[in-house]
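Okay, everyone, let's get going.

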Amino acid sequence: MAEQTRDKNDSRLTERGRVTRERILRAAADMMYVRGVSATTLDEVRAASGTSKSQLYRHYPDKDALVRDVVALQAAELLKRQHQLLQRLNSLRGLERWRDVMIEHNALRNGAYGCPLGSLASELADQDEEARDALARHFDTWEGLLEAGLKRMKDSGVLRAAADPEELATGLMAALQGGYLLAQTAQDVKPMRIALDMAIGHVKAYAMPAGGASPAEDPSGR
């Protein structure tokens with residue numbers, strides 16, 4: 001709903017208005033990612049974006065409206081990158097390459113700021129129901145990209161029939177987000193690497209052995 005409202009509002013803007021709105025939104029997204037939502041004020045966004053009060057309030061009459069557009073922007077950019085990484089995922093090696101990219105990207109800042117969506121969720125989930133609902137949908141989309149890749153692996157015989165792509169994708173996402181949080185606290189990506197390696201190790205427990213014969217025991221215990 002917030003995204004649809006934004007699209008309608010954008011369609012009424014002049015080109016100059018769209019540029020101003022984008023400048024405000026980018027400044028807010030950068031500040032909220034580094035400093036957090038609660039520590040970012042509208043006056044600071046106005047100063048960082050080089051806009052007047054009348055320009056700021058014309059586009060964003062209150063902070064809640066700005067925060068919801070920040071959520072939409074961060075989600076759109078993150079999910080675009082994840083789609084590029086995961087749209088052809090069909091092997092365990094591909095899953096490891098995804099892990100490597102995630103860790104390398106986070107290592108650029110020594111894990112200091114965490115996941116763009118996870119950081120927003122930690123602040124907003126119990127404060128803004130509309131933002132929480134939007135974030136939940138974005139996480140579902142992200143997890144769905146992992147699930148689709150795992151399903152391709154199962155369908156092609158990389159993973160055994162006992163593998164549950166939905167459960168494995170949830171485990172990978174939980175490890176990723178927990179890893180982001182621990183890396184942020186330690187300002188070191190090592191905990192993130194350990195968490196993802198353990199989650200991927202669980203996926204590998206469902207791998208078909210050489211020769212294609214399925215082992216007798218289900219690693220899930222079922």
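Predicted model: local features only at pLDDT ≥ 70, side-chain atom pairs only at ≥ 80, totals over all residues.

Residues are numbered from 1 along each chain as its sequence is written, and side-chain values use heavy atoms, with hydrogens and water left out.

You'll find Leu124 in helix H7; helices here are DSSP runs of H or I with at least four residues, strands are E runs of at least two, and both are numbered from the N terminus. Contact, for me, means heavy atoms within 4.5 Å. Skipping neighbours within four places in sequence, Leu124 contacts Val37, Val67, Val71, Ala131 and Leu135. And Ser38, 86 residues away from Leu124 in sequence, sits 9.4 Å from it, C-alpha to C-alpha.

Zooming out, the chain has 10 helices and 0 strands. Of its 222 residues, 42% count as buried. If you take contacts between residues at least 6 apart in sequence, 68% of them join residues at least 24 apart.

Next, the core. By nonpolar core I mean buried Ala, Val, Leu, Ile, Met, Phe, Trp, Tyr and Cys residues joined through side-chain atoms within 4.5 Å. The largest one has 57 residues, and Leu66, Trp142, Leu159 and Leu176 touch the most other members. Helices giving two or more residues to this core include H2 (15-35), H5 (63-86), H8 (129-155) and H9 (165-186). Trp142 has quite a list of partners beyond four places in sequence, among them Leu78, Leu79, Met102, Met173 and Leu176.

Over in helix H8 there's also Leu150. It counts as buried because its relative accessibility is 0%. With residues up to four places away set aside, Leu150 touches Leu159, Pro165, Leu168, Ala169, Leu172 and Val203. Leu168 is 18 residues along the chain from Leu150, with 7.8 Å between their C-alpha atoms.

Pockets, then. On a 1 Å grid over the protein atoms alone, a pocket is an open set of points where a 1.4 Å probe fits, with protein on both sides within 12 Å along at least five of seven lines, and lining residues have an atom within 4 Å of a point. The largest pocket has a volume of about 280 Å³, volume being the space filled by probe spheres set on the points, which are joined across faces, edges and corners. Of its 19 lining residues, Gly118, Ser119, Leu120, Ser122 and Gln184 are the closest to the centre. Which helix gives the most to that lining? It's H7, with 6 residues.

Most residues other than glycine have a negative phi. Gln187 isn't a glycine, yet it has a positive phi of about 50°, and it lies in the loop between H9 and H10.

Terms used
Buried < 20%, exposed > 50% of the residue type's maximum accessible area, 1.4 Å probe, protein only.
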